[in-house]
Amino acid sequence: MTHEISERPVTIYEVAVAAGVSPSTVSRTFSRPGRVSVRTADHVRAVAADMGYRGDTLFRANPAERHRTIGLSVSDAANPFYFGILRGAETQAAKSDYTMLLIDAQESAARERHNLDRMLPLVDALIVASSRMSDTVLRSVAKSHPVVVLNRYVGGLPCVVPDTPHGMRQAVAHLLQLGHSSVHYLSGPDASWISGMRWLSVREAAAAMGFVAHRVGPVPPTIEGGASAAHQIIARRATAVICYNDLTAMGLIKALAAKGYNVPDDLSVIGCDNVFSSELLTPSLTTVAAPMGVLGDTAVRHVMAMLSGTKTHVTGPLTIPVKLMVRNSTGPRPVKHS
């Protein structure tokens, strides 16, 4: 059915009646797309377009009306993992005269969704790093804005991820060379896609090399989270641990030292991400280094291409190489482990 376009402005109430939904649903479709199902949002937009509705839509096709701002949503702005991503993204965005707007989820999917609802009208595109929201919500947001996902794979959306399988194989092979016969993985939040990928990759690499892999956690992705797992690691008589990130590795090492255990003499610890403080730790931290600046730079390049009208053909995530940085927190398997 085609609706005639009247000379006066069409209201959300008229669109609601024509679409068979409530006025609040029409309002959310254009102001908070994450709170409306993809099917309903598509239907409402189609009806509104037929009727000539001129609501305050979020995405503006006319470049002159853009804010020249890209939102960067991160799971926890206090995590130094994101510092490099932000710097890489800012540097690349500045080349196109765009500004980055940082959005902090504080490890809460609900807060992340609320913040995005508030910030979407202020940005032209969105980069979402380590999102804790569902794939459905992220795809819904992508209906109104160009979206690039970092550190996670969401089918149908452009995604940039570190080469986790290769990084975990390097870490497990390093431990094997040091004489360890088993490895424990200290996992991060259950809602973290990358944590699940790291555990899967550790398990597969261990099996291929004749290792036994064990999982401990989940724990919060913080120094305190890593410290909280020390008693479990000791109870399991572990000789080698690969941690979800560098912060949990730092917390684990600190807690082990407080209990009289020496790293790496009693136990080897490997982190992930290579944050700036990992080399300053005592002992310096062996870690799987992800090029955070490259992640941010690549994400902005994708965003700028989408804003220029380039159609994205997503067949899978874009993988960024990683490298094991061997330092002093790993050593030979102890001959006698108490």
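Biologist: How far should the 14 residues of helix 7 (residues 164-177) span at 1.5 Å a residue, and how far apart are its end C-alpha atoms?

Modeller: The expected span of a helix is 1.5 Å times one less than its number of residues. For helix 7 that should be 20 Å, and its end C-alpha atoms are 20 Å apart, so the two agree. Helices here are DSSP runs of H or I with at least four residues, strands are runs of E with at least two, and both are numbered from the N terminus. Now the ground rules. This is a predicted model, in which local features need pLDDT of at least 70 and side-chain atom pairs count only at pLDDT 80 or more, while totals for chains, interfaces and linings use all residues. Residues are numbered from 1 along each chain as its sequence is written, and side-chain values use heavy atoms, with hydrogens and water left out.

Biologist: Which residues of helix 7 are buried?

Modeller: Buried means under 20% relative accessible area, exposed means over 50%, and partly exposed lies in between (1.4 Å probe, protein chains only). In helix 7 the buried residues are Thr164, Gly167, Met168, Ala171, Val172, His174 and Leu175. Seen down the axis of helix 7, these buried residues fall within an arc of 155°, so they line one face of the helix. The arc is taken over the directions from the helix axis to the C-beta atoms. Just after helix 7 comes glycine 179, with a positive phi of about 95°.

Biologist: What does helix 8 (residues 193-208) reach from its first C-alpha to its last?

Modeller: Helix 8 has 16 residues and reaches 23 Å, close to the 22 Å expected. Its buried residues are Ile194, Ser195, Arg198, Trp199, Ser201, Val202, Ala205 and Ala206. Viewed down the axis of helix 8, they fall within an arc of 165°, so they line one face of the helix. Glu204, Ala207 and Ala208 are exposed on the other side of helix 8. Glycine 210 follows helix 8 and has a positive phi, near 80°.

Biologist: What do the buried residues of helix 8 pack against?

Modeller: Contact means heavy atoms within 4.5 Å. The partners of the buried residues of helix 8 include helix 7, strand 5 (159-162), strand 6 (182-186) and strand 7 (212-216).

Biologist: Is aspartate 190 buried or exposed?

Modeller: Aspartate 190 counts as exposed, at 64% relative accessibility. It lies in the loop between strand 6 and helix 8. Leaving aside neighbours within four places in sequence, aspartate 190 is in contact with Arg215 and Pro218.

Biologist: What is the peptide bond from glycine 217 to proline 218?

Modeller: Start with the general idea. Most residues other than glycine have a negative phi, and most peptide bonds are trans. The bond from glycine 217 to proline 218 is cis, with omega near 15°. Proline 218 sits in the loop between strand 7 and helix 9 (223-228). The bond from valine 263 to proline 264 is also cis, with omega near 15°. Proline 264 is in the loop between helix 11 (246-258) and strand 9.

Biologist: And where is arginine 68 found?

Modeller: Arginine 68 is in the loop between helix 3 (38-51) and strand 1 (69-74). Its phi is positive, near 55°, and it is not a glycine. At 34% relative accessibility, arginine 68 counts as partly exposed. Asparagine 274 has a positive phi of about 60°, again in a residue that is not a glycine. Asparagine 274 lies in the loop between strand 9 and strand 10 (286-289).
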